[in-house]
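This report describes one protein chain, starting with the whole and ending with single residues. Please keep the structure in view while reading.

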Amino acid sequence: MSLRLLLVEDDLPSLELMEEVFTSLKADVRPISDGTRAATLVNREQYDGIFLDLEMPNMHGFDLARKIRESTWNKSTPIVIVTGRDDRNTMQQAFAIGATFFLQKPVDRQRLTTLFRTVRGSLFENRRRQARVPLQTEVLCEVGSRALRGVSWNLSQGGIQIETDNLQAGERVHLSFHLPISGAHVDALGVVAWTGEKRQGIQFTKITPKNAEAIRGFIAEVERPE
């Protein structure tokens, strides 16, 4: 499956070059020349990587990077800062607000190709961490002295979405459930990240390497093409 990239650059020749190069490398590219529009998109769509110019009208790249890190869909998406600045302070600021990689302008076909091949593994790994697959199995939730039974809806490496009663956001939960296919038994600690009318999202806070590997294996098996 192709990597889904968001390109944010107000210099149209640079934007067109990045779009052409990354498309030729089999990426699914969304080119945007306006930072304000990009800020709206990152709250509606998930990307595997975001290439972000710093010097843009309407919204500076640092401000957009902060919005990306505050968004629901892309808070952990790798960000590649693309800029003509080469001073240490700019690099420190970029990494401080959550940038993952740094690309110096001017860009050309060879540098873009080399960078893409260098970061591709990290982008795919981020996608695997964020992947959420269907899972319907009984889940035992222990909250203090309470023992609640629920049913899961989906699972990712970072957490599980379940349906049960009487869970409140912020509560710490001990989870116990079995994975289909392998039959592995998973025990994990988590925190209730959000609650809806019928479902609750629980983020794992402590899980053994063995259980984490079992979850990774289950997700890979579900996602494996026929």
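Of the 226 residues of the protein chain, 45% count as buried, where buried means under 20% relative accessible area, exposed means over 50%, and partly exposed lies in between (1.4 Å probe, protein chains only). The model is predicted, and local features need pLDDT of at least 70, side-chain atom pairs count only at pLDDT 80 or more, and totals for chains, interfaces and linings use all residues. Residues are numbered from 1 along each chain as its sequence is written, and side-chain values use heavy atoms, with hydrogens and water left out.

**The whole chain**

The protein chain has 6 helices and 12 strands. Helices (H or I, at least four residues) and strands (E, at least two) are DSSP runs numbered from the N terminus. Along the principal axes, the C-alpha atoms fill a box of roughly 60 × 35 × 30 Å. The chain exposes about 12,100 Å², and carbon and sulfur atoms supply 48% of that area; the method is Shrake-Rupley with a 1.4 Å probe.

Contact means heavy atoms within 4.5 Å. Among contacts between residues at least 6 apart in sequence, 55% join residues at least 24 apart.

There are 29 positive and 29 negative side chains, and the centres of the two sets lie 4 Å apart. Lys and Arg count as positive and Asp and Glu as negative, while His and the chain ends are not counted. The place of a charge is taken as NZ of Lys, CZ of Arg, CG of Asp or CD of Glu.

**Paired strands**

Two strands pair if DSSP finds at least two bridges between them. The table lists two such pairs.

| Strand | Partner | Sense | Bridges |
|---|---|---|---|
| E10 (residues 172-178) | E11 (residues 185-195) | antiparallel | 7 bridges |
| E11 | E12 (residues 200-207) | antiparallel | 7 bridges |

The hairpin from E11 to E12 runs through 4 residues. Thr 195 has Gln 200 in E12 as its bridge partner.

**Nonpolar cores**

A nonpolar core is a set of buried Ala, Val, Leu, Ile, Met, Phe, Trp, Tyr and Cys residues joined through side-chain atoms within 4.5 Å. The largest one has 24 residues, and those with the most contacts inside it include Leu 155, Ile 160 and Phe 204. Elements giving two or more residues to this core include strand E8 (146-155), E10, E11, E12 and helix H6 (209-223). H6 provides the largest share, 4 residues. Another core, of 23 residues, lies apart from it, with Leu 6, Met 56, Ile 68 and Ala 94 among them.

Which residues does Ile 160 contact, leaving aside its neighbours within four places in sequence? Among them are Leu 135, Val 139, Leu 175, Phe 177 and Phe 204.

Arg 69 is in helix H3 (residues 61-70). Arg 69 counts as partly exposed because its relative accessibility is 22%. Beyond its neighbours within four places in sequence, Arg 69 is in contact with residues including Asn 74, Pro 78 and Gly 98. The C-alpha atoms of Arg 69 and Gly 98 are separated by 7.0 Å, and the two residues are 29 residues apart along the chain.

Arg 128 is in helix H5 (residues 109-130). Its relative accessibility is 41%, so Arg 128 counts as partly exposed. Not counting residues up to four places away in sequence, Arg 128 touches Gly 121 and Gln 157.
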